[in-house]
Structure formats: C-alpha cells, structure tokens
Amino acid sequence: MTEELEAQRPAPVLETERLLLRPFTAEELDAVAAGEHAAHFAHGFPTAEDMDFARESLLAGGYFFTESAYARLAIVEKSSGEIVGTAGFVGPPIDDELEIVGSLSANRRNRGYAQEGMAALLGVAFVDPAVTGVRASVPGGNAPAEQVLIAAGFVHRETTGPETDYVLPRPA
C-alpha cells in the first residue's frame with residue numbers, strides 16, 4: 001500500500017489569499033511534538049491536539065503525515081509568517097472517503113481562516129476520482145467547527161459515539 005501512495009501525489013503546498021498550507025519540516029514536527037515554541041510559531045501554537053498529531057506522526061515514521069497528499073499541513077499566516085495551526089487529512093481514503101481535520105491557535109480564530117483553509121483542502125480532496133466524499137468528526141459542543149463545516153456544504157450524518165459526524169459528498 002505504501003508503494004501505491006508513493007506513486008500518487010506528494011504533499012501539496014496550497015496558497016489562499018491570506019494563508020499558505022505547506023508540509024511541516026522535520027524540525028518543526030519535532031518541536032510541535034515536544035510542545036516547544038519556535039520563533040515562527042504563533043502564540044498558542046502548538047495546541048494539545050497539534051502535539052498529539054506530531055507525536056503520532058513521528059511514531060508512525062512520518063510518511064503519511066508529512067509527505068503524502070493526505071498530510072496534515074502547517075497553516076502559515078502570510079502577513080506574519082507564523083504557523084497558526086494545522087489542517088489536512090487523517091490519512092488515505094477509507095471506504096472512499098477522506099477525513100478532514102484541523103486546528104487554529106485561539107488568537108487566530110474568527111478571522112475566516114478555517115473557511116479559507118477548508119476550501120483549499122476540498123480542492124485537493126476531490127482530485128482523486130475514487131473519493132466519493134469528505135467526512136469530519138466534531139467533538140460535542142464545538143459549535144464553531146460545526147458552523148465551518150455547514151458553511152462549506154457538509155451535512156450531518158448519524159453516528160454513534162460522542163462526536164458529531166458530517167459528510168460532504170463529491171460535487172456533481
């Protein structure tokens with residue numbers, strides 16, 4: 001399976017009006033995993049979720065998490081050059097769906113960055129014709145994340161468990 005993924009697409013570099021979404025460097029991933037604050041990390045980055053992602057990536061050898069089209073990317077605010085969060089996919093498609101994830105530093109929320117990053121990632125998600133949808137799981141009580149998903153066209157999908165599941169079917 002790794003060979004198949006290596007033959008596919010490398011991690012993208014995505015640019016929006018205000019953001020650059022790019023792969024983490026090895027040094028950045030190490031710093032995030034350790035909970036260290038590098039000079040180009042925004043105040044409040046990394047979050048506990050970001051540290052968990054980085055630790056899991058390093059334990060897994062990093063490939064799927066830093067070098068593939070399914071990578072979780074650093075969100076860089078162009079105006080400051082600071083990493084303000086992460087966004088990307090949990091891994092390759094499962095049952096023909098990609099799972100999208102992300103987080104932003106608290107002081108960068110409510111600026112439209114989540115919507116901007118989501119739009120860029122959705123453009124990548126549907127490049128693969130086998131992907132029939134993109135899903136997202138939201139911990140209970142995270143209304144802002146739910147609002148971002150709904151604004152992007154995601155719809156609620158019934159599921160068991162403590163999280164709320166959303167899906168965006170492939171556009172016609």
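Buried means under 20% relative accessible area, exposed means over 50%, and partly exposed covers what lies in between (1.4 Å probe, protein chains only). Keep that scale at hand for this tour.

The structure is a predicted model, so local features need pLDDT of at least 70 and side-chain atom pairs count only at pLDDT 80 or more, while totals for chains, interfaces and linings use all residues. Residues are numbered from 1 along each chain as its sequence is written, and side-chain values use heavy atoms, with hydrogens and water left out.

**Stop 1**

Select α2 (26–34) and α3 (48–59). Helices here are DSSP runs (H or I, at least four residues), strands are runs of E (at least two), and both are numbered from the N terminus. α2 and α3 pack at an angle of about 120°, and their axes are 7 Å apart. Axes are lines fitted to C-alpha atoms, for helices over the stretch in contact, and angles run from 0 to 180 degrees between N-to-C directions. The two helices are therefore oblique to each other: angles under 35 degrees count as roughly parallel, over 145 as roughly antiparallel, 65 to 115 as roughly perpendicular, and the rest as oblique.

Now show the side chains where they meet. On the α2 side you will find Leu29, Asp30, Val32 and Ala33, and their partners in α3 include Met51, Phe53 and Leu58. Contact means heavy atoms within 4.5 Å. The residues of this contact divide into 7 nonpolar, 1 polar and 3 charged. In this grouping Ala, Val, Leu, Ile, Met, Phe, Trp, Tyr, Cys and Pro are nonpolar, Asp, Glu, Lys and Arg are charged, and the others, Gly among them, are polar.

**Stop 2: the loop in between**

Next, select Pro46, in the loop between α2 and α3. Look at the peptide bond from Phe45 to Pro46: this bond is cis, with omega near 5°.

**Stop 3: salt bridges**

How many salt bridges are there? The count comes to 12, where a salt bridge is a side-chain nitrogen of Lys or Arg within 4 Å of a carboxyl oxygen of Asp or Glu.

Start with Arg22 and Glu28, whose closest N and O atoms are 2.7 Å apart. Both of these residues are buried.

Move on to Asp52 and Arg55, joined by a salt bridge at 3.5 Å, N to O. They are 3 residues apart in helix α3, so about one helical turn separates them. Asp52 is partly exposed at 39% relative accessible area, and Arg55 is partly exposed at 38%.

Then pick Glu99 and Arg135, which meet in a salt bridge at 2.8 Å, N to O. Glu99 lies in strand β5 and Arg135 in strand β6 (residues 133–139), so this pair ties together parts that are 36 residues apart in sequence. Is Glu99 buried or partly exposed? Glu99 is partly exposed, with 23% relative accessible area, whereas Arg135 is buried at 19%.

**Stop 4: two loop residues with positive phi**

Select Asp95, in the loop between β4 (82–89) and β5 (97–104). Its phi is near 50°, a positive value in a residue other than glycine. Asp95 counts as exposed, at 70% relative accessibility.

Finish at Asn110, in the loop between β5 and α5 (113–125). Phi of Asn110 is near 65°, again positive in a residue other than glycine. At 83% relative accessibility, Asn110 counts as exposed.
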